[in-house]
Amino acid sequence: MVEYTIPGMHVREHTLEVPLDWSKPSEQITVFARELVDPIRKDEDLPCLLFLQGGPGGKGPRPNGPAGWVGQALKKYRVVLMDQRGTGRSTPVTGRRIAAMSAEEGADYLACFRADSIIADAEHLRKTVFGDKPWSTLGQSYGGFLTLTYLSKAPEGLTACYVTGGLASIDPSAAEVYRRTYPRVEAKNREFYRRYPHDVEQVAAIADRLAADDVRLPDGDRLTVRRFQSLGIDFGMKPGYERIHWLIDEAFDGDELSSTFLGQVLDSSSYLGNPLFAALQESIYGSGEGATGWAAEAERARRPEFAEDARPLLFTGEMMYPWMFAEIRGLRPFQGAVELMAQRPRWPELYDLERLASNDVPVAAAVYFDDMYVDSGLQLDTAGRVGNLQAWVTNEYEHDGLGSDRVFERLTDLVASIGGGIPAR
């Protein structure tokens, strides 16, 4: 075990082997986690808080110091930052690895990186490294989906759960998710253009240039209008509007699209650092019977306002499309595998509805009313069907509200108010 101290926190690193497929004997992969603790309390028997990162395909954060929710948590907990399987220092899923497989092998491999496997990894980590003591969890975005799977599969490992912007529908349906989120994305576009009305003309000029000319990004990929539209995924964060505005502001160098603009577009849309985010985006909704079937693409076809030649041009959100795996260099190795995953007729069940209804683990969830990524209506439906769950509904924050000093404190106070949270020692 490696350990060291950085300003404000002592760090221990843990690496353990787990099976690729928890349902049967299979090859071994590694899962990595960092344990953080206040340096002056590093030898105390403190309770643990496992952070369940957003995604899918998200690695644990790399903290620079005890700021934000991490600093708040370190007052009471050891904080565990797990690199979810396939990410960070856990055995990574890369284009090179997938390219060495057939489409069928790749699809079967990627199917082992969903919520059920991540939670099995977390339980193994808890039991083998942290003394089999129950811990609390903090789930951001997709981490909330993972929380519901944890409560379904192994609630005995949990003392309390905190969720920010991530109560998944417990009746998983990719089609329903996108039916609800496209209007939210359209509303975000309206707000963006209301804030920056002069960007309407500039965005149209960029789209017209991309439609007329063969414009290449620094890695050689052609920049298409639809790839440009996909930058709207940032509209659900703060300050996403401003990041896109300043990108557009420097789009042209005379009559040509600028190198600054093209470089920033590449950085924002290459998925080189997190290909699993794109590859698993729809498969996280697969549960029981029924294929996900490229639901975002099907819903977009029913919405002409998102067409490439519509004006004002609308940006899209957290949607992945089949063309991305042909047009984006870093995603091409995944193309055959994700096509098969989209057609897969049956998936393991992610949620136990009866167990969730009778849940007695205290849960507090921040539901961001205007959330672009996880529909608040679906979140509130779930909140009403999970036992012992308190929902805090607010429109003060976007999806990344956990970055505020108030959100984590508010959730822990909610659980503490009913006598839950940190177990007695």
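Select Phe192, Tyr193, Tyr196, Phe228, Phe235, Tyr241, Phe261 and Phe315: ring pairs link these residues into a cluster. Rings of Phe, Tyr and Trp (its six-membered ring) pair if their centres lie within 6.5 Å; planes under 30 degrees apart count as stacked, over 60 as edge-to-face and the rest as tilted. The model on screen is predicted: local features need pLDDT of at least 70, side-chain atom pairs count only at pLDDT 80 or more, and totals for chains, interfaces and linings use all residues. Residues are numbered from 1 along each chain as its sequence is written, and side-chain values use heavy atoms, with hydrogens and water left out.

The structure holds 23 aromatic pairs. Keep Phe192 and Tyr241 in view: this pair is tilted, with 6.1 Å centre to centre and 35° between the planes. Phe192 lies in helix α6 and Tyr241 in helix α9 (residues 240-249), so the pair ties together parts that are 49 residues apart in sequence. Helices (H or I, at least four residues) and strands (E, at least two) are DSSP runs, numbered from the N terminus. Buried means under 20% relative accessible area, exposed over 50%, partly exposed in between (1.4 Å probe, protein chains only).

Next select Phe228. Leaving aside neighbours within four places in sequence, Phe228 is in contact (heavy atoms within 4.5 Å) with Val203, Ile206, Leu210, Leu223, Phe261, Leu313 and Phe315.

Switch to a cartoon view and find the open sheet of 9 strands, in the order β1-β2-β3-β5-β4-β6-β7-β12-β13, with mixed pairing. Two strands pair if DSSP finds at least two bridges between them. At the edges are β1 (2-6) and β13 (389-394), each pairing on one side only.

Now select strand β6 (residues 135-140). Which strands run parallel to β6? On one side, 6 bridges join β6 to β7 (residues 158-164); β4 is joined to β6 by 4 bridges. Trp135 stands opposite Leu158 in β7, Ser136 opposite Ala160 in β7, and Leu50 opposite Thr137 in β6.

In a regular strand the side chains alternate between the two faces of the sheet. In β6, Trp135, Thr137 and Gly139 are on one side and Ser136, Leu138 and Gln140 on the other, and all are buried.

Zoom in on Ser136, which is buried at 1% relative accessible area. Not counting residues up to four places away in sequence, Ser136 touches Cys48, Leu49, Leu50, Tyr77, Thr159, Ala160, Tyr162 and Gly421.

**Last stops**

Select Arg85 and Phe113: the charged end of Arg85 sits over the ring of Phe113, 5.6 Å from its centre. Then select Arg300, whose charged end sits over the ring of Tyr321, 5.1 Å from its centre. A charge sits over a ring if NZ of Lys or CZ of Arg is within 6 Å of the ring centre and within 35 degrees of the ring normal.
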